[in-house]
Amino acid sequence: MKKARSHLYKIRVLLCGLILTVLLTALSTHVRAQDAAAPQSSVSATVAAPVALTLKRAIELALQNSKDIQVARLQATFADRSAMITKAQFLPNLYAGSGAGFTYGIPETPGGRAPALFSVTYQEEVFNEPLRGQAKERQELARSQRILLEDTRNSVIARTAAAYLELVMIRHSLDLLRKEQASADKILEVTQQREKENFELPVEVTRSQLTKARVVQRILQLEGRQDELEVFLRSQTGLAQDTAIEVAPEDLPGEAEQEGANLVAMAMQTNTSLRADEADVRAKEFRLIGEKRGYYPTLEFVGVYSLLGRFNNYDQFFKTFQRNNVNVGVQVQVPIFSAQTKANIALAEINLRIAQTNLANKKTEVSAAVRQKTRRLRERDAAKEVARLELQLAQQDVAVLQSQLDEGKINLREVERSRLAENEKWMLYLDANFQRQQAQLDLLQTAGQLDKVWQ
C-alpha cells in the first residue's frame, strides 16, 4: 500500500509540472504576440503631422479651394455663354430639316414655307442695330460678372487673412491666460494661507477665487473661438477636418499708409464694385444706342434649298413643278412706323439713368469709405502704440516688484498680481495689433489693392 501511494504521489507531481509548463508556454506565446502587434497598432494610431501654414500659403490654398470662387467662376462662364447667344445671330447659321405632310388645296405650312421633303436654310444678320446693341450689352454684363469674380477673390483673401491673424492672436492670448491661471492659483493659495493665519479677511479669498474663475471663463471662450477659426480655415484651404494647423505671427505685406487722396484715386480705378457699375453703365449705353438706331433698315443674308414632293399637289396649283429649289439673297426691312422702337428707346433711357445714378452714388460711397478707413487705420496705429507703451510700463513694474521681492520688502502675492496686470496688457496689445491689421485689410480691399499685395 505504501508503494502504491508513493507511485500515485509521483504521478500527481509529474502531472502538475506538465500542466504548469503548458500554461507558462501559452502565456509567453501570448506576450510575444502582443509585443509583435504593438508596433503595428502604434503605427496605425499615429496621428497625422500638423500642417504649418504661413499667411501667404493659407491664402493660396483658399484661392484654389474656395467654393465661393468656384461659384463665381461658373457665373462668369454662364454670362460669357449668354453673351454668345445674341452675338451668334451675326454669324453664319445653317439648318437642315426634313418632313412630309398631306395637303388638300394650296400647299403651305403654318410658317409660310412650302412643304418640303428636305430643306436647308442659311441665315446671317448683317445690319441690325437694335440686336447689335443687345449683343454689346450682354458682353459688358459678362465683363461685369468677371469683375465680380475678382471681388469674390478679394473677399476670400480678406476673410482668410483675418481668420489667420485672429487665430494667431487667440493662441498667443491663450498662452498668456494659462500663465494668468498659474498666477491666480498662486495668489489664491497665498491668500488662503494668510486667511488661515488671520492676516486676511474672507472677502479677499472670495476676490481671489473670482479672479481665477474669470480667467478660466476667458480661456473657455477663447478655446471655443479658436475651434471656430480652425474649422473655417480648414474649409477654406481644403484641409481635412482632423488636420492640426500651426500658425505663426506675421504682418501684412505692403503698406496701406498712403495719402488719402492717392488711395481715393487708386480706388476710383481699381475698386471692383465701382468697376462693375461702370461696366453696367456702358452696357446700358450700348443698349440705348442700338435702340435709337432701330429706325435704320435691317439687312440679313438668307438662303433656302427645298426638295419638294409631287404628292403635295404642286402641279395642280402652279404652272410648272420643280423638285429642287434654291433661293439665295438679301432680306432688307425698312421701318416706316414702329411704336415698339419708341417704347424700347424710352425704356433704355430710363435704365441708363438708373445705372448712371448708381455709379455716381457708388463713387461717393467709395471715396468716403477710403477716407474713413484711412482715418480708422491711423486711429488703430495710435491705439497700438498706446497698448505697446502700457505693456512696456507693466513689464517695468514687474521688474521693480521682483527686485523688491528678492529683497524681502513685499510678498509673492504682489508680484503675481503685477504679472496678472502684465498679461492683461499683453492681451490688450495683441488685440490692438489685430484690430490694426483688420483695419489695414479693410482699407486695402476698399482701395482695390488687396489682391496685388500677394502677387
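Leu 165 touches Leu 55, Glu 250, Leu 252, Phe 434, Gln 437 and Leu 441 in the predicted model, with residues up to four places away in sequence not counted. Leu 165 also belongs to the largest nonpolar core, a set of 40 residues. Within that core, Leu 53, Leu 55, Tyr 164, Leu 165 and Leu 441 touch the most other members. Two or more residues each come from helix 2 (55-65), helix 3 (67-87), helix 4, helix 5 (202-237) and helix 10 (412-446). Helix 4 makes the greatest contribution, 16 residues. A second core is separate and holds 9 residues. Among them are Val 366, Leu 377, Ala 439 and Leu 443.

Helix 4 spans residues 129-196 and also contains Ser 183. The relative accessibility of Ser 183 is 6%, so this residue counts as buried, the cut-off being under 20%. Ser 183 is in contact with Glu 416, Arg 419 and Leu 420, once neighbours within four places in sequence are set aside.

Strand pairing was examined next. Strand 3 (residues 118-127) pairs with strand 2 (residues 93-98) in the antiparallel sense, over 6 bridges. Ala 96 has Val 120 of strand 3 as its bridge partner. Strand 3 pairs with strand 5 (residues 298-307) as well. This pairing is also antiparallel and runs over 9 bridges. Here Ser 119 stands opposite Ser 306 of strand 5.

Terms used. Residues are numbered from 1 along each chain as its sequence is written. This is a predicted model: local features need pLDDT of at least 70, side-chain atom pairs count only at pLDDT 80 or more; totals for chains, interfaces and linings use all residues. Side-chain values use heavy atoms; hydrogens and water are left out. Helices (H or I, at least four residues) and strands (E, at least two) are DSSP runs, numbered from the N terminus. Buried means under 20% relative accessible area, exposed over 50%, partly exposed in between (1.4 Å probe, protein chains only). Contact means heavy atoms within 4.5 Å. A nonpolar core is a set of buried Ala, Val, Leu, Ile, Met, Phe, Trp, Tyr and Cys residues joined through side-chain atoms within 4.5 Å. Two strands pair if DSSP finds at least two bridges between them.
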